[in-house]
Amino acid sequence: ATTVMGASKKTGGEDEGLKGDVASQLKQLGLAAGGAGGEHAFDDFAPAANKAPKQQKKVQGILKDEGPKKQAGEHAQPQPSKGRGKQQEQANKHAPSSKAPAGKKGPHQEDGLPEGEAKREWNSGAGPRPGAGGQSKSLLTQPSVWYVAAAEMPRLATPEGAAPAALLSEEKIEELRNRCEGILANEAAAFERELKRRNLADYKWIMQVKRSGTTSDKVAAITLQVQESVVANLSSLDTLISWVQKRKGGREVVRQAIEALQELFCSVLLPDRKLVHFEQQPLHLLPAGKEGSKYLLWWYLEDQIKVRYNLLIAALEECSRDNLDFLKDRATKAIYQLLVKKPEGEAKLLAALVNKLGDPNRKIASKSGYLLSQLLLQHPVMKPIVAREVERFLFRPGLQSRARYYAIVFLNQLPLSHKEKEGGPALARRLVDLYFTMFRMIVEGQVGSAAEVGKAQSATGRRWLSTYGRRSAKMSSERPRRQRRGAMGRLQASSPRPRSLCPPRSPRQQCLRRWMPACCLR
C-alpha cells in the first residue's frame with residue numbers, strides 16, 4: 001500500500017510539472033489570460049471546451065504532441081521578459097492603422113490599389129497582365145465534338161442593308177483571321193490549365209511522353225488530346241500529318257500515324273457534309289460580343305481542318321506511289337475508308353483509288369478493283385461517277401495493257417439497276433458504247449499490243465532517219481554533179497579523140513561507168 005501511495009504521489013507531481021510547463025508555453029504565446037484556462041483547460045469533456053477559440057484548440061493539439069517530449073526530459077524555452085512585452089504593446093498602440101474605417105473606401109481601394117495611386121490601363125500588346133495573364137475563360141462550356149456544337153448555334157438571319165461576304169475587303173478578312181488565331185490560342189491555354197487542375201500527374205505524363213516516349217506512346221498521347229479537344233490541339237494534329245508526309249523513321253511509324261489520322265478524321269474531325277472555307281462563311285452577318293467570337297471560332301476551326309485534310313489526302317497519294325508495297329497497301333486502304341465514310345474530298349480520293357488499277361504490283365491493282373466494288377455496294381448512287389472516272393482512266397495516253405485489263409474487268413462486274421439515281425438504262429448504254437469503242441481502237445491498232453508494235457516500228461524508223469537520213473539526202477543531192485565530173489575526166493583520160501568521135505554507149509555501160517571504179521572498167 002505504501003508503494004502504491006508513493007507511486008500515486010510521484011504521478012501527481014509529474015502532472016503538476018506538466019501543467020506548469022503548459023502554462024509557461026501559453027504565456028509565451030500570449031494565451032495565458034482569462035478563464036479560458038483553469039483546471040479544466042485540457043479536459044475534452046469540460047463545459048467550456050466547446051467555447052474555446054479555434055486557435056487555442058490548435059495550440060492545445062500542438063502541446064499535446066509535445067507532452068511526451070517534456071516528460072522525456074526536455075526543458076521549456078525561457079519566458080520573455082516583462083519589460084520587452086510592455087514595449088511591444090506600446091509600439092502596437094502607437095502604430096498607424098492600415099485599415100480604413102468601416103463603410104469608407106479610398107478612391108482606388110476597390111481596385112486593390114493604395115490610396116493616392118491612379119489606376120493604369122494595361123497594354124494588351126505587351127502580353128497578359130501579371131497575375132491575370134492567360135487566365136481568360138474558355139468560350140466552350142463543355143468539351144464536345146466541334147461540328148455538333150457548331151450545329152447547335154442559331155442560324156444567322158440576314159439583316160436589311162448588310163453587305164454580302166464577297167464584298168468584304170481582304171484587310172477585313174485578314175483582321176478576322178488574326179482575331180480567330182487569338183481565340184484559338186486562348187482556348188489552348190484554357191485547356192492546358194484545366195488539364196493541370198484535374199490531374200497534374202496525367203498532364204506531366206502526357207508532356208513527358210510527347211517529348212521522349214516511344215512512337216506508339218506518342219501516337220496514343222496525341223490521339224487522346226485531339227479526341228478530347230481539337231480546338232486546343234491543332235499543333236498535335238500537325239505532328240501526325242508531318243510524319244505521314246516525310247515518311248521518315250521507318251514504315252511502322254508511318255503506318256501508326258496513318259491509322260491514327262484515319263480514326264481521328266472519321267470519328268471526331270469530319271462531319272457528314274462537305275467543309276467550307278473561312279472566306280465562304282457569312283462573315284457579314286457576324287454578331288458582336290462573345291456570341292460572335294463563338295461563330296468565328298467554329299468557322300476558323302472548320303477552315304483549318306479542311307486545309308489539314310487536303311494535306312493528308314496529298315500525303316496518302318504520295319504513300320500510294322511509294323516503292324514499298326507495304327506502304328502502298330496501307331495507304332490504299334486508308335483512302336478507301338475515308339472515301340466510304342465521309343464526303344469531304346471524295347473527288348481526289350476516288351481518282352487516287354482508280355489510279356491504283358494501274359499499279360505495277362498485280363495484287364494491289366486487283367485489290368483496288370475489289371475496293372471499288374465494295375464502295376459501290378455501300379454507295380450505289382456513285383455508280384455513274386465511278387464509271388466516268390474509270391472511263392477517263394481507260395483513255396489515258398501511255399496506259400499499259402495490264403492496267404486497261406483491270407479497268408475493263410471492273411466495269412464488266414459493275415452491277416446495273418433500273419433506278420435512275422443509280423444510272424439506269426443510260427449507264428448500261430454508256431458502258432456498251434465504251435466496250436465497242438475500245439474494241440475498234442484495239443483492232444485498228446490504236447491501243448493494245450498492235451499499237452505497241454506500231455509505236456516500236458515508228459520509233460525504229462525515226463531513229464534510223466535521225467542517224468542516216470541527213471547523210472543519204474546530202475549524197476543524193478551532190479551525186480549528179482560528181483557523176484558528170486567523173487565521166488568527163490574518164491573520157492578525157494581514156495581517149496585523146498574528141499568527144500564527137502566517141503562511139504555511143506549503151507545504158508548498161510553508162511550505169512557501170514557511173515557506179516563502178518575505173519580500175520574495174522579497164
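A residue is called buried when its relative accessible area is under 20%, exposed when over 50%, and partly exposed in between, using a 1.4 Å probe and protein chains only. By that criterion Leu285, at 12% relative accessibility, counts as buried.

The model is predicted: local features need pLDDT of at least 70 and side-chain atom pairs count only at pLDDT 80 or more, while totals for chains, interfaces and linings use all residues. Residues are numbered from 1 along each chain as its sequence is written, and side-chain values use heavy atoms, with hydrogens and water left out.

**Whole chain**

Begin with the protein coloured by secondary structure, which comes to 19 helices and 0 strands; these elements are DSSP runs (helices H or I, at least four residues; strands E, at least two), numbered from the N terminus. Of its 522 residues, 29% count as buried. Contact here means heavy atoms within 4.5 Å. Among contacts between residues at least 6 apart in sequence, 67% join residues at least 24 apart.

**Leu285**

Select Leu285 next, in the loop between helix H9 (251-269) and H10. Display Leu156 with it: the two are 129 residues apart in sequence, yet their C-alpha atoms are 6.5 Å apart in space.

Continue to helix H10, residues 290-320. Its 31 residues reach 45 Å from first C-alpha to last, close to the 45 Å expected at 1.5 Å a residue; the expected span is 1.5 Å times one less than the number of residues. H10 is largely enclosed by the rest of the structure, because 22 of its 31 residues are buried.

Axes are lines fitted to C-alpha atoms, for helices over the stretch in contact, and angles run from 0 to 180 degrees between N-to-C directions. To view the contact, show residues including Cys180, Ile183 and Leu184 of H5 and Leu296, Leu297 and Tyr300 of H10. The contact residues divide into 7 nonpolar, 3 polar and 5 charged. In this scheme Ala, Val, Leu, Ile, Met, Phe, Trp, Tyr, Cys and Pro are nonpolar, Asp, Glu, Lys and Arg are charged, and the others, Gly among them, are polar.

**Leu371 in helix H13**

Move to Leu371 in helix H13, residues 362-378. Leu371 is buried, with a relative accessible area of 7%. Leaving aside neighbours within four places in sequence, Leu371 is in contact with Thr332, Tyr336 and Leu353. The C-alpha atoms of Leu371 and Leu353, 18 residues apart along the chain, are separated by 8.3 Å.

**Helices H14 and H16**

Finally, select H14 (residues 383-394) and H16 (residues 424-443), whose axes come within 11 Å and cross at roughly 10°. The two helices are therefore roughly parallel to each other. Their contact involves, among others, Ala387, Arg388 and Leu394 of H14 and Leu427, Arg430 and Met438 of H16. By class, its residues comprise 6 nonpolar, no polar and 4 charged.

How values were computed:
Angles under 35 degrees count as roughly parallel, over 145 as roughly antiparallel, 65 to 115 as roughly perpendicular and the rest as oblique.
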